[in-house]
Amino acid sequence: MSAHFDFILLGQGLAGTTLAWYLRWLGATVLVVDREAEVTSSKIAAGLITPITGQKLNRTWRQAELWAEALNFYERIQAETGVRFFRQTPMLRLFANDLEPVAFQRRLAVHEFDGCSLLQSPVINDEWFLAERSGFEMHDAGQLDVRQYLAASRQQFQRDGGYRAYDIDLSRDLLPTAEGVFVEPLAAHASKLIFCQGFDPIPNPWFHQVRLKPAKGEILTLRIPGLDETRVVHRGVWLAPLGNHLFKAGATYDWHRLDQQPTDKGRTEILDRLAEFVRCPIEVVDHQAAVRPVHRNQYPVLGLHPDLPQFGYFNGLGSKGSLHAPFFARHFTNVLRSGSAIDPEVDLNRKTDWSSCSATPHGEDRQIPPRKPQQKNSLPLTQQAQAAIREVLQVGEIAIDATTGNGYDTLFLANLVGPRGTVYALDIQQAALDSTAIRLDAANQTNVTLIHADHADLDQVIPRESHHKIAAVMFNLGYLPGGDKQVLTHSDSTCRALRQAADLIKPGGVITILAYTGHDGGLAEAHAVEIILAEFDPLQFEQTTIESQPGRTLGPRLFLVTKRQ
Ligand SMILES: Cc1cc2nc3c(=O)[nH]c(=O)nc-3n(C[C@H](O)[C@H](O)[C@H](O)COP(=O)(O)OP(=O)(O)OC[C@H]3O[C@@H](n4cnc5c(N)ncnc54)[C@H](O)[C@@H]3O)c2cc1C
Ligand SMILES: C[S@@+](CC[C@H](N)C(=O)[O-])C[C@H]1O[C@@H](n2cnc3c(N)ncnc32)[C@H](O)[C@@H]1O
């Protein structure tokens, strides 16, 4: 027997927990699932909400409305759970150089801080701090004990069966269904599953195109016996009191080493910064590191998958998760409830180029134009190819990726057929197979047989027992993105492979051929494909051709061939 929920939220960090509360308040049934790792971005975060930050003394993006929502939200959860984990607390900003007081006065003069409760010339104890340039005090500020907030929420969710500890394997545990998503190992079904995973080194098969720019952060726990300051103090780094002369201090930023290892460099950087303004002796009692989920444009990102609306995404809370989570969880809840438009600044679909799934190397840095609202038939051709496959290929079946490349389509096929199915993935160059092997490893996929071969020999390299049982064959012609552009598909071998594929597939099976025309030989190859397909018996095969720019003979095109039952 399986349980049904309106929503399954994958991840119980700041994003998943906060979204769960808003959805529950609507009356939705919600299951939150988390792998309960000891260290996560939320679990080590200081939880500070600071209205003015950075060297330039910028007012935090949308500070007034986000702060109002956060304040209400955390107060309400404290009342519901009976646990105190949030405090509104003044913060002291010390000027670090001669430019900062000038910048502060200039921003005050142009009313940038209007509505922000500030105190100039605050009290500063000069036995504790070196503060020759003074500073200012911020009152619309707060500190969330994130661990406590998560634990209190989890307890509440557990009471009505709304929480499960489980490490979901995205490559095999989630089965999209006509009515939603089935999570096999939990025997749970939901109308929608929302990924609230934060940073995860394993690419999400449905959302790997989202342009995250994660940042590792290190944080220290300190004992400073001589210091009785109760405000959070900022000056390059921040120092946040925990009580009993314990403090948190941080944090560093590293966009390259995305692991959870505390480093000597990180520790020294924080301590050196503290030494610039703290006069008391400091003892380090703990040191942690985690990776913040930051989107390229720094704002959160949320929405539903363009093809599979049963999958949603709420991520990119960045370095201000405590402030961002309530406002945007409420916004996402409204969107889910009423189908209202998503705020363009956080809209997943505006910020994501879905076509990067196989034509663009993952993670490549380039300008992405905003995605136009698209009908199904105006989706990028890579996605239309996948959509055609998705309609046919079932769990447990056999599929072929005839041009494996960097393995995006291979992983897509592997996810569809699941552990009981098989994917044969061919490429003529080893570099492509190596790249694919890494992708499959990262996704824990073991149902793929990688074959270093020319697809012109398809019928020889595919085991005989699989002949005429193949449900889908994908061709994505051209060269390996990011690889050697001299190694590319050619008309003659492509045509031989197509004839064999047509023989190998079973009745009802599908072949997709995506032909690009921008490179040398590409247009000729697309024409050759048209000619070969014209030879296929129309009584036996149904065919559709989709042009990326209809009417333009030079654009890429997708050929879909289905063997009649
Ligand atoms: C050093 C440091 C200091 C910070 N300080 C502050 C601060 O002062 N103020 C502030 O506002 N923000 C701060 N942040 C940022 C804040 O922590 C993040 O914005 C926030 O944690 C992001 O929350 P999240 O829920 O998106 O991600 P996460 O906290 O990473 O949560 C994701 C959850 O999903 C779970 N999960 C992922 N995949 C799976 C799976 N397959 N199966 C089951 N579970 C899964 C994970 O276990 C995790 O619990 C700091 C971050 C760091 C690293
Ligand atoms: C555009 S890429 C495929 C992209 C891939 N579908 C993905 O998802 O990343 C084309 C691939 O076809 C491979 N290729 C070229 N000629 C081939 C042949 N005759 N047989 C098999 N693979 C070939 C190239 O090495 C290249 O990796």
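Modeller: Let us begin with Y22 and W25, which are three residues apart in helix 1 and are therefore separated by about one helical turn. Please keep in mind that this is a predicted model.

Biologist: Why is Y22 called buried?

Modeller: Y22 has 5% relative accessibility, and buried means under 20%; Y22 therefore counts as buried.

Biologist: What makes W25 count as partly exposed?

Modeller: Its relative accessibility is 26%. The partly exposed class lies between under 20% for buried and over 50% for exposed, so W25 counts as partly exposed.

Biologist: Why is the aromatic pair of Y22 and W25 called edge-to-face?

Modeller: The ring centres of Y22 and W25 are 5.3 Å apart, and rings pair if their centres lie within 6.5 Å. The angle between the planes is 75°, and planes over 60 degrees apart count as edge-to-face. Y22 and W25 also belong to one aromatic cluster, which includes W21, W67 and F73.

Biologist: What makes the pair of F104 and F136 stacked?

Modeller: For F104 and F136 the planes are 15° apart, with 4.3 Å centre to centre; planes under 30 degrees apart count as stacked. F104 lies in helix 4 (residues 99-109) and F136 in strand 9 (residues 135-138), so the pair ties together parts that are 32 residues apart in sequence. Both F104 and F136 are buried.

Biologist: How do you know that the end-to-end span of helix 1 agrees with its number of residues?

Modeller: At 1.5 Å a residue, the twelve residues of helix 1 (residues 14-25) should span 16 Å, and the end C-alpha atoms are 17 Å apart, which agrees. Just after helix 1, G27 takes a positive phi of about 100°.

Biologist: How much of ligand 2 does the protein bury?

Modeller: Taken alone, ligand 2 exposes 610 Å², of which the protein buries 98%. The shell around ligand 2 consists of nine nonpolar, twelve polar and three charged residues.

Notes:
Residues numbered from 1 in each chain as written. Chains lettered and ligands numbered in written order. Predicted model: local features only at pLDDT ≥ 70, side-chain atom pairs only at ≥ 80, totals over all residues. Heavy atoms only, no water. Areas by Shrake-Rupley, 256 points an atom, 1.4 Å probe, with all protein chains shown as cover. Nonpolar A, V, L, I, M, F, W, Y, C, P; charged D, E, K, R; others polar. Helix = DSSP H or I, 4+ residues; strand = E, 2+ residues; numbered from the N terminus. Expected span 1.5 Å × (residues − 1). Phe/Tyr/Trp six-rings, centres within 6.5 Å; stacked < 30°, edge-to-face > 60°. Buried < 20%, exposed > 50% of the residue type's maximum accessible area, 1.4 Å probe, protein only.
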